[in-house]
2 protein chains.
Amino acid sequence: MTVADASTRDHYPTRGNASELIERRDPTVWPGVDSGPASRAELAAHADRGFHSVEGLLSPAEVQAYWHELDRLTRDPEVRADERTVVEKSSDQVRSIFDVHKISGPLGELVRDPRVLDRARQILGSDVYVHQSRINYMPGFEGNGFYWHSDFETWHAEDGMPAPRAVSISIALTDNYPFNGGLMIIPGSHRRFISCAGETPQRNYRSSLKEQEVGVPSHDDITKLAYECGIEQFTGSAGSALWFDSNCLHGSGNNITPFPRSNIFVVFNSVHNTLVEPYAAVEPRPEFIAAHDFTPVTR
Amino acid sequence: MTVADASTRDHYPTRGNASELIERRDPTVWPGVDSGPASRAELAAHADRGFHSVEGLLSPAEVQAYWHELDRLTRDPEVRADERTVVEKSSDQVRSIFDVHKISGPLGELVRDPRVLDRARQILGSDVYVHQSRINYMPGFEGNGFYWHSDFETWHAEDGMPAPRAVSISIALTDNYPFNGGLMIIPGSHRRFISCAGETPQRNYRSSLKEQEVGVPSHDDITKLAYECGIEQFTGSAGSALWFDSNCLHGSGNNITPFPRSNIFVVFNSVHNTLVEPYAAVEPRPEFIAAHDFTPVTR
């Protein structure tokens with residue numbers, strides 16, 4: 001194999017004939033940025049388990065301010081009509097607003113906030129840009145869960161993200177209980193890439209944001225990882241944040257409780273890991289789902 | 001009102017025009033049986049919250065023995081063909097076996113076991129008989145939950161159970177995590193009867209065992225109780241048991257984890273609370289769902 005071969009070879013092949021586990025070749029916490037809000041212990045935990053949480057990242061007053069902003073956005077006719085807004089047909093309620101760091105001033109500030117930006121830089125060891133952002137609102141009683149998946153599998157296959165050098169932050173705007181459809185995550189699963197069976201249909205994103213049909217790991221692979229590593233849940237008060245690696249296997253159950261769930265979700269990608277052509281799809285997904293503006297976020 | 005009127009009046013009217021909360025008129029823990037395995041504190045908790053749990057009711061060896069029995073039953077062609085066995089069409093797997101205390105010797109022993117029988121007698125303050133029994137098996141990945149309901153509402157409306165003088169025991173044969181579709185219960189909810197809107201269709205039980213369409217409390221009533229009292233989950237190792245009053249508001253989420261769930265479920269009713277004509281249905285449900293053999297269980 002020549003050097004050129006090695007540099008262009010896809011280390012994370014997926015959407016082929018079979019589901020299989022492949023050892024991850026890349027670090028989770030990257031060297032390069034020495035200071036920031038994350039402690040050594042937090043970074044070590046993140047590298048080891050693939051995630052770590054920060055209690056009280058936002059103060060109660062800040063949580064309330066973001067609630068007001070969410071409320072304002074969902075009532076704004078222009079936002080409701082925007083293709084980046086997901087409105088549930090049956091109830092006419094806004095479920096998600098994508099690209100929200102561009103649509104909303106306060107959310108734009110949040111991705112530049114040192115508590116957020118500087119920790120992303122520490123984990124990824126470089127300047128970072130926003131690959132995707134959104135704010136989600138799930139009502140009580142009828143919250144649908146999301147089946148097990150690795151975000152990176154989709155971002156690699158459908159967006160052309162070369163390596164798992166991306167990190168997500170989910171900030172809870174409501175209290176997360178163990179029983180209202182919160183995130184379940186398999187610690188250590190980020191160290192294995194689950195190559196998923198199946199070819200990517202055209203415009204897959206239109207249905208896959210609701211329910212994935214390709215990019216779904218096999219029962220055997222999920223079982224192996226869950227029995228080996230266990231399952232943890234992200235619980236905590238409103239204002240808590242979960243940082244998790246792009247290749248963590250995660251999912252969520254449904255929510256029949258009266259307690260709604262709302263969160264802010266931002267994906268930071270390293271500027272050294274910018275998108276190329278999709279690895280397993282005919283065309284890349286739209287900009288508001290997978291940005292091609294690689295401008296680093298600065299304060 | 002004459003004495004005769006008072007004695008025949010239905011204190012728990014349901015399946016009418018509207019959902020509403022009615023104060024319970026009956027005790028939860030009844031006087032009459034002074035000794036047994038339940039401590040004073042356990043009985044007080046049961047009266048106050050509507051449930052209490054017993055860790056390690058069954059030893060690990062006993063759990064294994066009941067697993068073997070479940071396995072044997074699900075492979076027995078006669079049991080599979082029995083109308084009391086619920087077989088999932090798509091997978092051909094057994095999901096539930098009703099009347100299991102009559103079908104299986106070991107399960108018949110279990111309802112007579114002093115750890116079980118004597119506690120039921122203590123709670124209900126009298127001799128007791130088995131209103132319903134079953135063993136459930138829910139596989140991982142695709143376990144469907146069950147929406148919020150009070151068992152007594154159905155037993156009253158469709159089986160003709162006069163008062164909430166019945167208690168259920170659920171014995172876990174698998175570990176119950178907070179995330180694999182275990183029972184959620186609203187503490188204190190047993191003190192209010194939720195009268196549910198809607199008329200009972202004929203042979204309602206054929207679909208209602210999978211998903212209830214009548215006997216469903218309103219969002220408003222569930223919200224009121226959940227915000228006032230909170231929600232608790234029954235978690236614990238295989239062999240643990242939950243005792244809960246017939247009028248507790250409970251439900252369960254779905255289970256997308258690889259961890260299956262299996263449990264033994266027995267309903268004891270007081271011999272002073274035997275079935276009459278259904279309060280809100282044309283005909284009573286079949287014997288294997290609601291027994292009319294009121295013979296007290298004895299050792």
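A: A polar contact is a pair of N or O atoms within 3.5 Å; within protein, one atom must be able to donate a hydrogen and the other to accept it, and residues adjacent in sequence count only if both atoms are side-chain atoms. The model is predicted, so local features need pLDDT of at least 70 and side-chain atom pairs count only at pLDDT 80 or more, while totals for chains, interfaces and linings use all residues. Residues are numbered from 1 along each chain as its sequence is written, chains are lettered from A and ligands numbered from 1 in the order in which they are written, and side-chain values use heavy atoms, with hydrogens and water left out.

The side chain of His52(A) makes a polar contact of 2.9 Å with that of Arg119(A) and another, of 3.0 Å, with that of His46(A). Leaving aside residues up to four places away in sequence, His52(A) also touches Glu42(A), Ile123(A), Ala241(A), Leu242(A) and Trp243(A), among others. Contact here means heavy atoms within 4.5 Å.

A disulfide is a pair of cysteine sulfur atoms within 2.5 Å, and the count over all chains is 0. Cys196(A) is in no disulfide, as its nearest cysteine sulfur, in Cys248(A), is 15 Å away. Cys196(A) is buried, at 2% relative accessible area. In chain B, Cys248(B) is likewise in no disulfide, with the sulfur of Cys229(B) the nearest at 11 Å; Cys248(B) is buried, at 0%.

Finally, the chains themselves may be compared. Chain A superposes on chain B by a rotation of 180° with 0.0 Å of shift along its axis (RMSD 0.0 Å). The two copies are therefore related as by a two-fold rotation axis. The superposition is by least squares on the C-alpha atoms of residues with pLDDT of at least 70 in both copies. Because 100% of the interface residues of chain A are also interface residues in chain B, the copies meet through the same surface.

Definitions and conventions
Buried means under 20% relative accessible area, exposed over 50%, partly exposed in between (1.4 Å probe, protein chains only).
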